[in-house]
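Hi everyone, thanks for coming.

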Amino acid sequence: MRDVADAVEPEVLSASVSYRIRLLQIASYKAFEQQVKGFGTAPRYFGMLKLIEANPGIPQTRLAEAIFLDRSSLVPILDALTREGWVERRSTPKDKRVRRVFLTAHGALQLAGLETEVNAHEAMVTAGLSAEEKAQLLALLARVDGNLRAAHGMTR
């Protein structure tokens, strides 16, 4: 087997935005996991925790939609984050079936520390990009996100 650097990437892959996004997601996540220690399972759910922080009491179903998860996939994640003290779920007085998600005081404090690590990781990932290039990349990714949400019948 040749060295991975010598591997030929077929054009169907090198010309695929979806493939490149997936590779970058894997590489970014691995680098992030190596950098961040001491936060339990929370680092892999940083985005979700920030959504909960920005939307206290967000219904579980809406949270699942926001991050492209099935509700059944979200429940074990919330179970783990609840055990670790990051979040709590409360039923609503009007409809006991609706579960709303909140950060705990401990979760909010820990999230601030985790955000420092996330910012350091973001700086590493975007090193060498100008502010304009980063803004352009984010704008293009937002358009891809919009396309995917439209394909799933979701709006932002």
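Let's begin with the largest nonpolar core, which has 23 residues; among them M48, L81, W86, V87 and L114 touch the most other members. By a nonpolar core I mean a set of buried Ala, Val, Leu, Ile, Met, Phe, Trp, Tyr and Cys residues joined through side-chain atoms within 4.5 Å. The elements giving two or more residues to this core are α3, α4, α5, β3 and α6. Those labels are DSSP runs numbered from the N terminus: helices are H or I with at least four residues, and strands are E with at least two. In general, nonpolar side chains tend to be buried together in soluble globular proteins.

Setting aside residues up to four places away in sequence, L114 touches F32, V36, F39, A42, P43, F46 and W86, where contact means heavy atoms within 4.5 Å.

Before going further, a word on what you're looking at. This is a predicted model, in which local features need pLDDT of at least 70 and side-chain atom pairs count only at pLDDT 80 or more, while totals for chains, interfaces and linings use all residues. Residues are numbered from 1 along each chain as its sequence is written, and side-chain values use heavy atoms, with hydrogens and water left out.

How confident is the predictor? On pLDDT, its confidence in each residue from 0 to 100, the protein chain averages 91, and 96% of the residues score at least 70. Confidence is highest in helix α3 (residues 46-54), at a mean of 96, and lowest in helix α1 (residues 11-14), at 90.

Now to the sheet. It is open, with three strands in the order β1-β3-β2 and antiparallel pairing. Strands count as paired if DSSP finds at least two bridges between them. That leaves β1 and β2 as the edge strands, each pairing on one side only. Helix α5 (residues 71-83) packs on the sheet and touches β2 and β3, with its direction at about 115 degrees to that of β2. Here axes are lines fitted to C-alpha atoms, for helices over the stretch in contact, and angles run from 0 to 180 degrees between N-to-C directions.

Looking at the pairs, β1 (residues 58-59) joins β3 (residues 99-103) through two bridges, and P59 stands opposite R100. Strand β2 (residues 87-91) pairs with β3 over five bridges, with S91 opposite R99.

Is T104 buried or exposed? Buried, because its relative accessibility is 18%; the cut-offs are under 20% for buried, over 50% for exposed, and partly exposed in between, using a 1.4 Å probe and protein chains only. Its side chain reaches the backbone nitrogen of G107 at 2.8 Å. Beyond its neighbours within four places in sequence, T104 is in contact with G85, W86, V87 and E88.

Further on, H121 lies in helix α6 (residues 105-125). H121 counts as buried because its relative accessibility is 7%. Its side chain makes a polar contact with the side chain of S28 at 3.0 Å. A polar contact is a pair of N or O atoms within 3.5 Å; within protein, one must be able to donate a hydrogen and the other to accept it, and residues adjacent in sequence count only if both atoms are side-chain atoms.

Finally, E65 in helix α4 (residues 60-66) is partly exposed, at 41% relative accessibility. Apart from neighbours within four places in sequence, E65 contacts R149 and M154.

Terms used
pLDDT is the predictor's confidence in each residue, from 0 to 100.
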